[in-house]
Amino acid sequence: MAETKADVRRDIEMTRERMSQTIAELERRLDVLEVVREHPWPCIAVAAGAGFLLAGSGADVKAAGAAASASVAVTKGAGSRVAPLLDTLVARVMDGLQEVLEQEADSLVDELKRAIRPPTGTVS
C-alpha cells in the first residue's frame with residue numbers, strides 16, 4: 001500500500017517527537033547536579049569510595065610520572081581539549097555535593113535546635 005505525503009510527514013513528526021523526548025530524558029539523567037540532589041548520600045559514598053581506591057592504588061603517583069614523561073605534542077593535542085571538560089565536570093560535581101552537604105547540615109542543625117528547645121506552654 002502506497003503511503004501519502006501526509007502519512008510520511010506524520011511519521012517523520014512522530015519520530016522527531018520520540019527523538020526529542022529521548023534526548024530530553026538522556027539530558028535529565030546525565031545532569032550531574034540533579035543526580036546529586038536526588039541521591040546525595042549514595043553520591044557521597046561513591047565519591048568517598050573512589051577517593052579511597054585511588055589513594056590506595058598509587059594512581060596519582062603513576063599519573064604524575066606519566067604526565068612528567070609525556071611529550072609536549074601530546075599535552076597540546078587531546079589533553080588540552082579534555083582537561084577543560086574534566087575540570088568543568090569536577091567543578092559541577094563538587095558544587096552539587098557542597099550544596100547538598102550544606103542543606104543536610106542546615107537540616108541537622110534545625111533538628112538539633114528543635115530537640116534542645118524547651119516545649120512551649122509549660123509553666124515552671
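## Terms and model

A residue is called buried under 20% relative accessible area, exposed over 50%, and partly exposed in between (1.4 Å probe, protein chains only). By these cut-offs, Arg37 is partly exposed, with a relative accessible area of 41%.

This is a predicted model, in which local features need pLDDT of at least 70 and side-chain atom pairs count only at pLDDT 80 or more, while totals for chains, interfaces and linings use all residues. Residues are numbered from 1 along each chain as its sequence is written, and side-chain values use heavy atoms, with hydrogens and water left out.

## Overall make-up

The protein has 6 helices and 0 strands, where helices (H or I, at least four residues) and strands (E, at least two) are DSSP runs numbered from the N terminus. The order of elements from the N terminus is α-α-α-α-α-α.

Of its 124 residues, 6% count as buried. The protein exposes about 10,500 Å², of which carbon and sulfur atoms supply 65%; accessible areas come from the Shrake-Rupley method with a 1.4 Å probe, and for residues only the protein chains shown count as cover.

## Helix H3

Helix H3 covers residues 40–57, which is 18 residues. The expected span of a helix is 1.5 Å times one less than its number of residues. For H3 this gives 26 Å, and the end C-alpha atoms are 26 Å apart, so the two agree. After H3 comes Gly58, with a positive phi near 75°.

## Salt bridges

The structure holds 2 salt bridges, a salt bridge being a side-chain nitrogen of Lys or Arg within 4 Å of a carboxyl oxygen of Asp or Glu. One joins the side chains of Arg10 and Asp7 at 2.6 Å, N to O. Because Arg10 and Asp7 are 3 residues apart in helix H1 (residues 5–29), about one helical turn separates them. An α-helix has 3.6 residues a turn, so residues three or four places apart point the same way. Arg10 is partly exposed at 44%, as is Asp7 at 25%.

Another joins the side chains of Arg37 and Glu99 at 3.3 Å, N to O. This pair links distant parts of the chain, 62 residues apart, with Arg37 in helix H2 (residues 32–38) and Glu99 in helix H6. Glu99 is partly exposed, with a relative accessible area of 30%.

## Nonpolar surface patch

Val82, Leu86 and Leu89 make a nonpolar surface patch of about 250 Å². Patches are made of residues with over 30% relative accessible area and no salt bridge; like charges are joined within 9 Å, and nonpolar side chains (Val, Leu, Ile, Met, Phe, Trp, Tyr) within 5 Å. Leu86 lies in helix H6 (residues 78–116) and, at 47% relative accessibility, counts as partly exposed.
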